[in-house]
Amino acid sequence: MTSKAMSLSYLQGKNGIFSWIFSLDHKRIALLYLYSILTFFITGATLGVLMRLELLNPGKDLMEAQTYNQVFTMHGVIMIFLFIIPSIPAIFGNFFLPIMLGTDDVSFPRLNLLSWWIYIIGAIMALSTLLWGDGPADTGWTFYAPYSVKTGTNVTMSVLAAFVLGFATILTGLNFIVTIHRLRTPGMTFLKMPLFAWALYATSWIQLLATPIIGITLLMITAERVFGVGLFDPSIGGDPILYQHLFWIYSHPAVYIMALPAFGIISEILPTFANRTIFGYKAIAFSSLAIAFVGYFVWGHHMFTAGMSGTARIIFSVMTFLVAIPTSVKVFNWVATLYKGSINVQPPLLYALAFIFQFMIGGLTGVVLGALAADIHLHDTHFVVGHFHYVMFGGTGFALFGALHYWYPKMWGRMYNKLVANIAFVFLFIGFNMLYFPMLVLGLMGMPRRYYDYLPEFHVPNMISTYGSWILATGLLLMFGNLIAGAWRKREPIGRNYWKTGITLEWQTLSPPPVSNFDRMPVLPKNGPYDYDNKPEIEE
Amino acid sequence: MALGGFNLDLFVSPVLPHSLKHLNIMSNQKDLKTEGKKAPEVHISSYKDHFNTLLALLLLTFITVAISVFGANLRSLSVFTALLIATVKVIVVAYYFMHLKYDKKLYTWLLIIVVILFVSFTVLTSIEYLNR
Amino acid sequence: MGMWLFLFTEILLFGGLFIVYMVYRSLNPEAFLMASFELNVWMGTTNTVVLLVSSMTIAMSITAIQKGNRKLSIQLMVLTLVAAVIFMVVKYFEWSAKIEHGLFPGQAVYDNLPPGESLFFFLYFFMTGLHVFHIIIGSVVIGFAIHRTAKGRTTKEKYTLTENAGLLWHLVDLIWIYLFPLFYLIH
C-alpha cells in the first residue's frame, strides 16, 4: 500500500449513501449517529419551544390541555431516548474510543452498524406516533400505569419504540466493554487508559445491565394493553407502584448513562486547555465506577410520594446522598486541574466551565430533592424540571457541545469560526440559565409540572423562562450554523494536534483520521495518558 | 432482535477492510494478552464429566420434586428449599456445563457481580413491600 | 466474552419478571397456591429433565469438536434440537389444556378468576411464553452451528459459534430451573 493510500481519510474513499449507511467503519457510524441524533435534538427542542410558548401566559395560548400533555410526552421521549442516552457514547464513543485505545475499530463492527439501524427503526417507530390514531402518547415519558394502560393514545407504539431503542443501547454497551477489555494497544493497561474510556466503560455496564429491566417492563405494559389484562391493577391483586419500581430501577441508572460520558468529556477537555495533567486520575476513574454502582440503589427517590413504606424511603434517601459523593470528588479534581495550569481559553473550555457551573446547580438541587422532607413539597413541581434540565442539558448537553467544538478539527480536518462560536456560547449560557433558573423558583413557589396552565402569581418567572428559551434557541442556531458553515471555510490544512496541547492518542494521527485510524504507530506517554512532563514529540 | 445482533458476528471472524497490521504492529483480531506466547491450553471436559454433571442435576431435581410432593406441610420453608436447590443446580450448570470453572476468573467475578446486583434489586423491593 | 455479556442482559430481563412474580406471590399467597393446582407437576418435571439432558448433549458436542470429531458434534447438536422439540410439544399440550379450560388472558374463565389467580396465569403464560421464544432462538442458533460444522468452517481450533450456541442453550435451561419450582411446586 502506498503511504498516500494508507492515509486516505475515512471521509474519502468510498462514496455514495450506501457506503455510509452500510459502513463498518466506526468513524462513519459515529457520524451517522451524529446527524440522526442532532436531527432528533432539533425536533425535541422545537417541542420544548412550543411548550414554553404555551406557558408564556396563563390560560390557553396555543393548544388544548390534551395536546400539551402529548407535547411534553413527545419532548421527553425524544430527548431522553433519541437524544441524550445515545448521544455522547454513540457519537464520540464510537468515533474516539478505538482511536484513544490505539486500535483500528471496535470488537464487533457489524454489531455496531446493527446498533445504528436498530436505533433508526426505533426512532421511526417513536415519531410515527405523531401521525396516526389518537396521536402520540399523553402519559408523560414515564408511562405510569394505570393511565398508560387505559389511554387511547399511541402508547403501545411508543413503548415498543423504546423497547427497540433499548436494544441499540445494549449492543453498543456490549461492544464497548469487549473493546476495552480486548483491544487496548500493547502497553496501555486499564490505569493508562484515558478517562473518557473509563467513563465509557462504566456507562457501558449500566447500559448493559439496566436496560433489560425497562425492556421487560415496557413489554408488560404492551401485554396489558393488547390482552386487556391488568398486571398493575389492584382490583385483581396487582400494584401500580410495582410498575414505578420496575420503571425507575432502569431509569435512574439511565441518568448515569447520560451523565458519566459527559464527565469523561470534561476530563479530556480540561487537561488540554490547562496544559497539565489531570488532578487525581485514579480518583476520577474509580469514581465513575462508584457512581455506576451506587446509582443502581437509589431509584426510590423518584417515588417518595407514591406510597412506599417509610423504611424504604429512608434507605433510598440515604443512598441518594451517598451517590453525590463520587460526583463531587470529580468536581474538586477538575477544579484542581485548572489550578496553576497554563489556561488557554478556547470554545471547548468555555463549555466545560459552563458544565461545571451548571452541573453543580443541577447536582445540588438533586440533593435537595433527595431529602425526604423537602421532596414531599417539591415532587412533581417545576423544581424537579429545573433540576433535571440543569444536569441533563446544562450538564450533558453542554458537554456534548464542548466535545463538538473540541474534536471538530480532528473529525473533519476543518475549523469553525471561533468568534461566532464564542458569541453563540454567550447566547447559550445566558439563555439556558434564564430558561431554567426560574423553574427552580417556581417549584419552590408551588407551581406543578406537566400542567399547561398556572396561577397568575407564577406569571413573571414563566415569562422570563420563555424569553430565555428564545435566547437559547438563537444560541443553538448560531452554534450549529457556525459548525455547519465550517465545512465551507477553506483555511490552511489542519495539523494532527490542532490545539497543540492535546495528549491523548487521537492527537497523534491525521486530521481527519485515515480509515484504519493511524498512519503511524501511536506512541504512549511514559507515565500515563496525561503525562505532560513526558509528552511524545509528534511531527506532522 | 438480539438474534440478528450477535449472530452476524459469530458467523465469520470479522475481517476488517484495514487493520494496523500494515504498520507492522498487531492486528486487532488477536487477543493482545496471548500474543507472542504459545496458544494457551484449552481444557476439554470429558464426556464422562458431562454425564456425571447430568446425574447430579437429575438427583437434585428428584429431591426438589420429592420435597414438594411429599412435604406438603412445609409451606414457606419449601419455597426457600426449592429455590436453594435451584440455585445449587444453576451453579452446577454454570460451573461445569458452561465451563466457568476452567475459564478466566474474570467471567466468574462478573457473573457474581451481576447476580449480586439482581439480588439487591429483589431485596430492596422486598424491603419496600414488607414494611408497608 | 461478548456472549457472556449478552447472557447478563438475559438474566436481568427475566429477573424483572421474577421480581414481579415474587412481589405478587407475597401479596396473594393463597391465590397463587390455588392457581398452581392447575399445573401438572409431572409434565413440568418431564420438561425439566428434558432440558437438563439437552444441556448435557450440547456440552458434549463442544467436547466432540474440541477433539476434532465433527460428526459426533453434529449428532449431539441434533439430539439437543430433538430435546427442544420434545419440550415444546409438552408445552403445547400444557398450554392447550389451559386454553381449553378458558384460562388464557381474555377468555371467559380467566376474566372471572378471583384476584391474584389471574395474575398467576398471566405471569405463567408470559414467562413460559418468553422462555419458549428463547428456546426457539436458541434452536435457530444451534441450527446455524450445525450448518457451520457440517460445512467445515467450524474446526477443532475455531468453534466459537458452537460454544456460544451452548452458552445460550444453557441459559434457557437455567431459566427453566427457576421457573419450574416457582410455578409447579407451590405446595
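Visitor: How many salt bridges does the rule find across the interface of chain C and chain B, and how do you know?

Guide: Across that interface the rule finds 0 salt bridges, where a salt bridge is a side-chain nitrogen of Lys or Arg within 4 Å of a carboxyl oxygen of Asp or Glu. This is a predicted model, in which local features need pLDDT of at least 70 and side-chain atom pairs count only at pLDDT 80 or more, whereas totals for chains, interfaces and linings use all residues. Residues are numbered from 1 along each chain as its sequence is written, chains are lettered from A and ligands numbered from 1 in the order in which they are written, and side-chain values use heavy atoms, with hydrogens and water left out.

Visitor: What does join chain C and chain B, in terms of residue pairs in polar contact?

Guide: The rule finds 4 residue pairs in polar contact across the interface, with both residues at pLDDT 80 or more. A polar contact is a pair of N or O atoms within 3.5 Å; within protein, one must be able to donate a hydrogen and the other to accept it, and residues adjacent in sequence count only if both atoms are side-chain atoms. On the side of chain C that touches chain B, helices 1, 2, 3, 4, 6 and 7 each supply at least two residues, and helix 1 of chain C gives the most, with 15 residues. Helices here (H or I, at least four residues) and strands (E, at least two) are DSSP runs, numbered from the N terminus.

Visitor: What makes up that side of chain C, in nonpolar, polar and charged residues?

Guide: The residues divide into 40 nonpolar, 10 polar and 6 charged, with Ala, Val, Leu, Ile, Met, Phe, Trp, Tyr, Cys and Pro counted as nonpolar, Asp, Glu, Lys and Arg as charged, and the others, Gly among them, as polar. In total, 56 residues of chain C are in contact (heavy atoms within 4.5 Å) with 51 residues of chain B. The area buried between the two chains is about 4700 Å², of which carbon and sulfur atoms give 81%; buried area is the accessible area (1.4 Å probe) that two parts lose on being put together, summed over both.

Visitor: Why is the pair of B:Arg132 and A:Asp239 called a salt bridge, and what does it join?

Guide: B:Arg132 lies in the segment after helix 4 of chain B and A:Asp239 in the loop between helix 8 and helix 9 of chain A, so the pair joins two chains. B:Arg132 is partly exposed at 46% relative accessible area, whereas A:Asp239 is buried at 8%. Salt bridges that share partners join A:Asp239, B:Glu128 and B:Arg132 into one network.

Visitor: Why is A:Thr504 called buried?

Guide: A:Thr504 has a relative accessible area of 4%, so the residue falls under the limit and counts as buried. A:Thr504 lies in the segment after helix 16 of chain A, and a polar contact of 3.0 Å joins its side chain to that of A:Glu506. Leaving aside neighbours within four places in sequence, A:Thr504 is in contact with A:Met100, A:Pro194, A:Glu268, A:Pro529 and A:Tyr530.

Visitor: What makes the phi of A:Asn275 worth a remark?

Guide: Most residues other than glycine have a negative phi, and most peptide bonds are trans. A:Asn275 has a positive phi of about 50 degrees although it is not a glycine; this residue lies in the loop between helix 9 and helix 10 of chain A and, at 34% relative accessibility, counts as partly exposed. As for peptide bonds, the one joining A:Ala145 and A:Pro146 is cis, with omega about 0 degrees, and the one from A:Ser511 to A:Pro512 is cis, with omega near -5 degrees.

How values were computed
Buried means under 20% relative accessible area, exposed over 50%, partly exposed in between (1.4 Å probe, protein chains only).
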